Amino acid sequence: MLHILALGDIVGTKTIDVLRQKLWQKRTEWKVDFVVANGENATDIHGVNARDARAILDCGVDLITLGNHTYTMRDLYPFLDNNPDVIIRPANYPPSAPGCGYTVRDVCGWRALCINVNGTTFMEPLDSPFEAVEKILCREAGKYDFALLDVHAEATSEKLAIAHAFDGRISIMFGTHTHVPTADERVLPGGSGYVTDLGMSGPVHSILGAKAEAVLTKMRYHMPAHFTVAEGEIAICGALFCVDPSTGKCVKVERVKF
């Protein structure tokens with residue numbers, strides 16, 4: 001069995017510091033074989049720069065996935081192009097966009113196809129995430145042993161729809177973006193491990209990682225407000241998936257927080 005740890009959206013550089021202190025210990029304690037983390041909020045909430053992406057990888061993360069803030073930091077563009085094995089962006093961006101939407105990684109001798117897509121409901125009208133995933137699965141057929149998918153989306157219904165569409169074909173599917181962990185972790189009928197949202201890795205006393213005052217100004221008074229990362233206690237949220245790579249089936253999903 002392989003143990004795959006997926007971590008929710010990393011918010012702020014202080015969260016990276018916490019990962020540096022704790023992640024390797026958790027990898028040992030839980031016998032984790034591979035760590036994937038969504039890093040698109042790691043630099044000042046909106047985006048991640050190349051320096052912080054490198055820092056996340058140095059903490060013990062094997063693969064960074066992204067989302068709708070992928071292209072906020074321009075210095076990330078060459079990093080995306082030059083390191084497609086450790087950082088991927090949503091596959092349903094145009095082919096001309098920097099980076100790649102998937103990669104195949106070695107995990108203890110098994111081939112893991114890792115895919116990232118953005119949702120389109122209440123978000124940017126990109127290409128269909130369903131079609132993007134389908135094309136990748138067809139293109140890479142026979143070249144991987146199991147697959148995982150990060151669905152960076154706003155609507156829970158869209159995440160669930162994608163999960164049911166690919167149940168039994170993708171071993172691990174999880175949602176990111178909404179920063180609140182959902183309590184629906186399960187193994188779907190076809191054998192895919194799933195959770196609608198991993199939650200956030202960031203400041204506990206915040207509104208989705210941002211200082212509450214700025215968010216309240218925006219929501220109560222509809223006035224412009226600059227969002228900055230909140231201070232205080234930081235929690236790392238995610239899920240631990242147990243996969244049998246010989247069958248491609250997930251046998252267990254457990255939410256984690258540390």
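## Close-up views of a predicted model

**View 1. Surroundings of Ile64.** Apart from neighbours within four places in sequence, Ile64 is in contact (heavy atoms within 4.5 Å) with Ala37, Gly39, Ala53, Ile56, Leu57, Val86, Ile87 and Ile88. The model is predicted, so local features need pLDDT of at least 70 and side-chain atom pairs count only at pLDDT 80 or more, whereas totals for chains, interfaces and linings use all residues. Residues are numbered from 1 along each chain as its sequence is written, and side-chain values use heavy atoms, with hydrogens and water left out.

**View 2. The largest nonpolar core.** A nonpolar core is a set of buried Ala, Val, Leu, Ile, Met, Phe, Trp, Tyr and Cys residues joined through side-chain atoms within 4.5 Å; buried means under 20% relative accessible area, with a 1.4 Å probe and protein chains only. The largest such core has 36 residues, and Leu5, Leu7, Leu23, Ile64, Leu76 and Ile87 have the most contacts inside it. At least two core residues come from each of β1 (2–7), α1 (13–29), β3 (34–38), α2 (50–58) and α3 (76–82). The element that gives the most is α2, with five residues. Helices (H or I, at least four residues) and strands (E, at least two) are DSSP runs, numbered from the N terminus.

View 3. Five of the five residues of β3 are buried. Phe34, Val36 and Asn38 lie on one side, and Val35 and Ala37 on the other. In a regular strand, side chains alternate between the two faces of the sheet. β3 pairs with β1 in the parallel sense over four bridges; pairing requires at least two DSSP bridges between two strands. Val35 in β3 is the bridge partner of Leu5. β3 also pairs in the parallel sense with β4 (residues 63–65), over three bridges, and Thr65 in β4 is the bridge partner of Asn38.

**View 4. The largest pocket.** A pocket is an open set of points on a 1 Å grid over the protein atoms alone, where a 1.4 Å probe fits, with protein on both sides within 12 Å along at least five of seven lines; lining residues have an atom within 4 Å of a point. The volume, the space filled by probe spheres set on the points, is about 350 Å³. Of its 16 lining residues, His46, His69, His177, His179 and Leu208 are the closest to the centre.

**View 5. The second largest pocket.** This pocket holds about 260 Å³ of space. Among its 17 lining residues, Ala91, Asn92, Tyr93, Ala132 and Arg139 lie nearest the centre. Helix α4 (residues 129–139) gives the most to the lining, with five residues.

How values were computed. Buried means under 20% relative accessible area, exposed over 50%, partly exposed in between (1.4 Å probe, protein chains only).
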